[in-house]
Amino acid sequence: MDWQELTDLTRGQPFVVERVRLTGTGIAVEGQFEPPQLAQLGADDQVFVAAFVRSHGSIKEMERIFGVSYPTIKSRLNRIATQLDFVDTDPAPTGADVVDRLRRGEIDVAQALAELERSR
């Protein structure tokens, strides 16, 4: 069974994978594994996201590929975006990070206190 069959079968309902077998090794791992967010999208949305990445995020190219208008592409991107959690690429520093920077002399006590206060 491939991902498209699985997403068709689940009809957008949440699911967990309980067994993973490594091809050719005979090794299997059992437990509860949540599939990655992109794998939880429907097959059509997975194809759309892959096309968007392959077109380097060019909406004009997406219009050409799918034969639809700019607003249609934007609407679909917005709908898919609501299904994905935001990944914070610049998380607040931890207390340990701030203390380490203070020890190394990269920041002074006032800056350290300000950063610790902001991260609360």
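The structure is a predicted model, so local features need pLDDT of at least 70 and side-chain atom pairs count only at pLDDT 80 or more, while totals for chains, interfaces and linings use all residues. Residues are numbered from 1 along each chain as its sequence is written, and side-chain values use heavy atoms, with hydrogens and water left out.

Start with the big picture. The chain splits into domain 1 (3-89) and domain 2 (90-119), with bounds that come from an automatic or database domain assignment. The C-alpha centres of domain 1 and domain 2 sit 37 Å apart. Helices (H or I, at least four residues) and strands (E, at least two) are DSSP runs, numbered from the N terminus.

The strands come next. Strand β1 (residues 17-21) pairs with strand β2 (residues 28-33) in the antiparallel sense, over four bridges; two strands pair if DSSP finds at least two bridges between them. Across this pairing, V20 stands opposite V29, and R21 stands opposite A28. β1 and β2 make a hairpin with six residues between them, and G24 in the turn has a positive phi of about 80°.

Now for the helices. Two packed helices are described by the angle between their axes and the distance between the axes. Here, axes are lines fitted to C-alpha atoms, for helices over the stretch in contact, and angles run from 0 to 180 degrees between N-to-C directions. Angles under 35 degrees count as roughly parallel, over 145 as roughly antiparallel, 65 to 115 as roughly perpendicular and the rest as oblique.

Helix α3 (residues 43-54) packs against helix α4 (residues 59-66) at about 130°, with their axes 9 Å apart, so α3 and α4 are oblique to each other. In contact terms (heavy atoms within 4.5 Å), F48, A51 and F52 of α3 touch I59, M62 and F66 of α4. That contact has six nonpolar, no polar and no charged residues. For these classes, Ala, Val, Leu, Ile, Met, Phe, Trp, Tyr, Cys and Pro count as nonpolar, Asp, Glu, Lys and Arg as charged, and the others, Gly among them, as polar.

α3 also packs against helix α5 (residues 70-82), at an angle of about 115° with the axes 11 Å apart, so α3 and α5 are roughly perpendicular to each other. Here D44, D45, F48, V49 and F52 in α3 meet I73, R76, L77, R79 and I80 in α5. By class, this contact has six nonpolar, no polar and four charged residues.

Finally, helix α6 (residues 95-103) and helix α7 (residues 109-118) pack at about 170°, with their axes 10 Å apart, so α6 and α7 are roughly antiparallel to each other. G95, V98, R101 and L102 in α6 meet V109, A112, E115 and L116 in α7. The α6 and α7 contact divides into five nonpolar, one polar and two charged residues.
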